[in-house]
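Thank you all for coming; I would like to walk you through one structure this morning, going slowly enough that you can follow each residue on the screen. Please have the sequence and the model open beside you.

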Amino acid sequence: MASSLLATAGGLLLLFSFSSAQTRGDSLASCNPNDGFGRYCPTTCGVADYMLNYMPVVTDDLDQMQKDLERIANLTQGTEETVVYMKDAATAAQKSSGPDQYFRRSSSMLEDVLRFEKTIITQEQQMFELQNLISSNERRMADLKQLSIQLQQTCSEPCKDEVEVQTITGTDCQDVANKGATTSGLYYVKPLKATEQFLVYCEIDSFGRGFTVIQRRRDGSVDFHKDWTQYKEGFGYLSPDDTTEYWLGNEKIHLLTTGPTIPTVLRIELVDWEGNKRYADYTMFRVGSEMDMYRLTYGYYFGGDAGDAFDGFDFGDDPSDKFYTSHNGMQFSTFDRDNDKYDGNCAQQDGSGWWMNRCHAAHLNGKYYQGGRYTEKDAGEHGYDNGIIWVTWHTRWYSLKETTMKLIPLSRITAGGQQSDLKQFGGLGDS
Ligand SMILES: [Ca+2]
């Protein structure tokens, strides 16, 4: 019964009652797609997720504390009753006995009374300490309540206005750039097939290219262990200065890649823990509808220096490795929706959503390993709790530090492009 634990438990309980009032009806499996995504504040999905994780621990701690207090109260009551009984017995003995016999019996009884009274004093001391603990925790809970009120105020309406959203809108970030936007930031876009606009981070470079960023990993601050609905709607946080991690959402990626008649390029940018940077481009990139389980298709590897990991990789274990780790044509899988080509469940073993085959040679939604190195043991009993993998650059047991997945029309990928793009074409990656 560490007091800090109880204080934390109480605080979390309060926070939970707060957020449950705010996000009533919300749950892991039913996140409102447009509620809060893109703000600095946690999305309702994020808050519910966090609280649901902590709720059982908090409840157990409080139950245990309640039981302990009841047990101590019962003990003390029992002892007090015994002392009263002993005193009564001593008095009765005094009345019914002769002097000598009375003296012997009553001194023995008085010794017992003294012993029990000592026990009572000890237990009263313990109760006193527990009461102090409770008062101290009550003060901390009050402080936490105050803090949560402040947090709630910060995260309510004004928060939305603190994030600067640019005024130009378009079908995607290239359209936004074509209309004159020159700075990277948050923009509302509405692809042709979309029924409503949604917020995206646009990376706009000095050549007037507007990349629509669909995935970002940079520090491991967002857990990518999410279910089908969360991958569908998107999770994490958008920020105007590219400081946060997120998955934009399969539905939005589907709309962004199936509307345009101009082929879309998926550019993947990777950074390792030594600061090296590599990239890979795939043209005619599309993500199918939910009916088709957000199937990934692309025309061909268009270039880059990270190598073509989407085409699979021969790990040397089995000649069929390359075929069974390729990604073109794969449907999306999450731990609760197994659409892979494996007898087991790749997404469950890896704990994240991806276009799993049996299972992968590229996996940018994998577990975040600080420092990059991990072992077969870290990866779990099946060896599948894998990191952020692009196996044609770094082979197994190395998780990348940063990833970016972004979209741009094919017509703009080389137009006035960066020198590095032109220089590196043809230099298909190593292995
Ligand atoms: Ca399976």
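How many aromatic pairs does the count come to? Before I answer, a word on the ground rules: this is a predicted model, in which local features need pLDDT of at least 70 and side-chain atom pairs count only at pLDDT 80 or more, while totals for chains, interfaces and linings use all residues. Residues are numbered from 1 along each chain as its sequence is written, and side-chain values use heavy atoms, with hydrogens and water left out.

The count comes to 23 aromatic pairs, where rings of Phe, Tyr and Trp (for Trp, its six-membered ring) pair if their centres lie within 6.5 Å, and where planes under 30 degrees apart count as stacked, over 60 as edge-to-face and the rest as tilted. One of them joins Tyr282 and Phe310, a tilted pair at 4.8 Å centre to centre with 45 degrees between the planes. Tyr282 lies in strand 7 (residues 277-283) and Phe310 in the loop between strand 10 (300-304) and helix 8 (321-324), so this pair ties together parts that are 28 residues apart in sequence. Helices and strands here are DSSP runs, H or I of at least four residues and E of at least two respectively, numbered from the N terminus. Tyr282 is buried at 0% relative accessibility, and Phe310 is likewise buried at 0%, with buried meaning under 20% relative accessible area, exposed over 50%, and partly exposed in between, for a 1.4 Å probe and protein chains only.

A second pair, Tyr374 with Trp397, is edge-to-face, at 5.6 Å centre to centre and 80 degrees between the planes. Tyr374 sits in the loop between strand 11 (362-363) and strand 12 (389-390), and Trp397 in the loop between strand 12 and strand 13 (402-409), 23 residues apart. Here Tyr374 is buried at 4%, whereas Trp397 is partly exposed at 26%.

Phe310 comes up again in the largest nonpolar core, which has 60 residues, and in which Trp247, Phe310 and Trp390 touch the most other members. Strand 2 (residues 198-204) gives the most to this core, with 6 residues. By a nonpolar core I mean a set of buried Ala, Val, Leu, Ile, Met, Phe, Trp, Tyr and Cys residues joined through side-chain atoms within 4.5 Å.

Let me turn to the metal. The calcium ion is coordinated by Asp338 (OD), Asp338 (OD), Asp340 (OD), Tyr342 (O) and Gly344 (O), at 2.2 to 2.7 Å. Donors are N, O and S atoms within 2.8 Å of the metal (3.2 Å for Na, K and Ca), and because water is not among the atoms, sites may look incomplete. The donor residues are spaced D-x1-D-x1-Y-x1-G in sequence.

Finally, some backbone details. The peptide bond from Arg358 to Cys359 is cis, with omega near 10 degrees, and Cys359 is found in the loop between helix 9 (346-350) and strand 11. Met284, although not a glycine, has a positive phi of about 55 degrees; Met284 lies in the loop between strand 7 and strand 8 (286-287) and is partly exposed at 41%. Met293 also has a positive phi of about 55 degrees without being a glycine, lies in the loop between strand 8 and strand 9 (296-297), and is partly exposed at 21%.
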